[in-house]
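Please look through the structure shown below, with its sequence, before reading on. The explanation takes up a sheet and then a pair of helices.

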Amino acid sequence: MGEKILPEINKVQRHGLSVLFVHWTMALSTMVLIFSGFGQMPMYRRYGLTALPGLGWSADYSVTLIIHYIAAMLFLLAVFYHIVYHLIRKDFDILPRRGDMKESLAIMKSIIFGGKEPPCDKYLAEQRLAYAFIAFLVFAISVTGVIKVMKNLPSFNFSGNLLIWVNDVHTLASMLLVFGILAHLAAFVFRVNRPLIAGMFTGKVDLDYCKHRHCKWYDRLLLKESCKDRE
Amino acid sequence: MSGLTRRQFLKRTLASGVAGGLVLSGGVRIAHAASATDVMGTLYDLTRCDGCIGQKVPLCVTVCREENKSRFPDPVPAEQIQYYWPNKKKEDWQGKKHLTNRLTPYNWTFVQKAQVEHNGKPLEVFIPRRCMHCDNPPCANLCPFGAQYKSPEGPVLINKDLCLGGAKCRDVCPWGIPARQAGVGLYMKIAPKFLGAGVMYKCDLCYDRVKKGLEPACVVSCPRKAIMFGSKKTLREVAYKRAEEIGGFVYGDKENGGTSTFYVSSVPFEKINAALKEQKSRQQDPAATGFPLMQAGVANFLDSANGMVAGMLAAPVAGALAAGYAAYKTMKEG
């Protein structure tokens, strides 16, 4: 389902099923990857996680490794779905643009100190920047993850130095991703961002919210609809 | 030969000829039958090893300790080593450096004695034990910090400057070989109370000697020529030939997906393992590491995960195909 204004229910269709599928598949697989990935480090037994009811298995590397592989499959499936889907549709709204840093600071200033926000497109400038940050980490994690899977195979024997780099980049990027996810969730501390939450579950956001905050996008939608009407 | 570079060593070993037909007779050494691309290995002939009867400590153990003493851990004094928070536990072997009847950070090889019954007769089998230097070592592959790797020459090596002593390598090793020493290594520079636990130590097949074209110290020391060193490929052939001669068995070829260490015995390894297991059950702590068993045909820790690689390859393809279909459908509708 494409984006469009739904005046009869006072909503705007912001995301189609594909976007919701990718978002939640990424969210679920990333959570599982983080848990099982940290489980690959010898810490759950030491720090007592295994003592918690139902988590006795968490220090069993053979279990967490299999879970990590399954989650990695879902993760890669979602990553490739996302790239191919948006490339075919030439849908690049979420990519960062020139001036995003400045605009992002202006939005944050208005959120914290009040005042008028700059007019926004479908995505806020900070959402586009956050996307770039997370996409870069996802790329680094995927590439190093694939090398890590290869090194486990009997037919591959990589040098010691490469293994250090691959392991360290994978771990560091994963930790930065945790930070990125926390920052992503922290955005909803601010009331003004909360209408976007419904959009990630239903695909729809309130019409008034859209008119007020995403006026550039709203104008584009109006233009699109008027062109359609003329056809 | 001590001044040889690795390149020279490999050239010479190549020149010395694949000498493929190098015959093992009367314990003649196999060394230097390797080609430039060969992985080196060792072969223990258990029909020859007698555990150095009459010696207080088997010679292979003594020379190993002498050869590697400069690389043994040098931790802070015992009283300064903190427990692995929040547990009241630490693995500190500096007060037990003298132990030669098990693997410790200060003892990288030892000789086990198994009492078995074979062909209706009681028999004593002596089994020198240390790292098997596996073909696809889970210890190295699964180290979360890349502190271990398999060298092109065959030995599996631990980077003592990077190891944090988490002991995952020991947990995923079918024989639980690496031994941990607390109070030493990188973790001491970070947050020794809360993170890290020391450094893992094990046999590296005298890697420095191997690089110079020399044999590992234990091989040179063995008075009964029970340990052979050379091209893994050649030693594998020798192992099976020897097993055929004595109607015996080979260990280390299939175990853990293949290793660079072969054992030949006239006694089935199932019997040896059962004897070792029984011995271990009588110890004060039957779960203690440092007393490896000899499980015949033991699987590699990574087998299950590696069986999922096809799925890993299929996932991106499935994602791309589904996306193509979804994009086509929505564009058509739009």
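What follows describes a predicted model, beginning with chain B and ending with chain A.

In chain B, four strands make up an open sheet with mixed pairing, and their order is β8-β1-β10-β9. The edge positions are taken by β8 (227-231) and β9 (249-251) of chain B; each has a single partner strand, so one side of each is left without a neighbour in the sheet. From one strand to the next, the twist averages 25 degrees.

Strands of a sheet pair through backbone hydrogen bonds, in either the parallel or the antiparallel sense. For β1 (residues 40-45) and β10 (residues 261-265) of chain B the sense is parallel, and the pairing extends over four bridges. Within this part of the sheet, Thr42(B) has Thr261(B) in β10(B) as its bridge partner.

Two helices of chain B lie across strands of the sheet. Helix α7 (residues 232-246) of chain B lies across β1, β8, β9 and β10 of chain B, at about 10 degrees to β10(B). Helix α8 (residues 269-281) of chain B lies across β9 and β10 of chain B, and its angle to β10(B) is about 100 degrees.

Helix α4 (residues 125-151) and helix α5 (residues 160-186) of chain A have axes that come within 9 Å and cross at roughly 145 degrees. The crossing of α4(A) past α5(A) is left-handed. Residues of α4(A) in this contact include Phe133(A), Leu137(A), Ile141(A) and Lys148(A), while those of α5(A) include Leu163(A), Val166(A), His170(A) and Leu177(A). Sorted by class, the contact of α4(A) with α5(A) comprises 13 nonpolar, six polar and two charged residues.

Conventions: Residues are numbered from 1 along each chain as its sequence is written. Chains are lettered from A and ligands numbered from 1 in the order in which they are written. This is a predicted model: local features need pLDDT of at least 70, side-chain atom pairs count only at pLDDT 80 or more; totals for chains, interfaces and linings use all residues. Side-chain values use heavy atoms; hydrogens and water are left out. Two strands pair if DSSP finds at least two bridges between them. Axes are lines fitted to C-alpha atoms, for helices over the stretch in contact, and angles run from 0 to 180 degrees between N-to-C directions. Contact means heavy atoms within 4.5 Å. A crossing is left-handed if the near helix is turned anticlockwise from the far one by less than a right angle, and right-handed if clockwise. Ala, Val, Leu, Ile, Met, Phe, Trp, Tyr, Cys and Pro count as nonpolar, Asp, Glu, Lys and Arg as charged, and the others, Gly among them, as polar.
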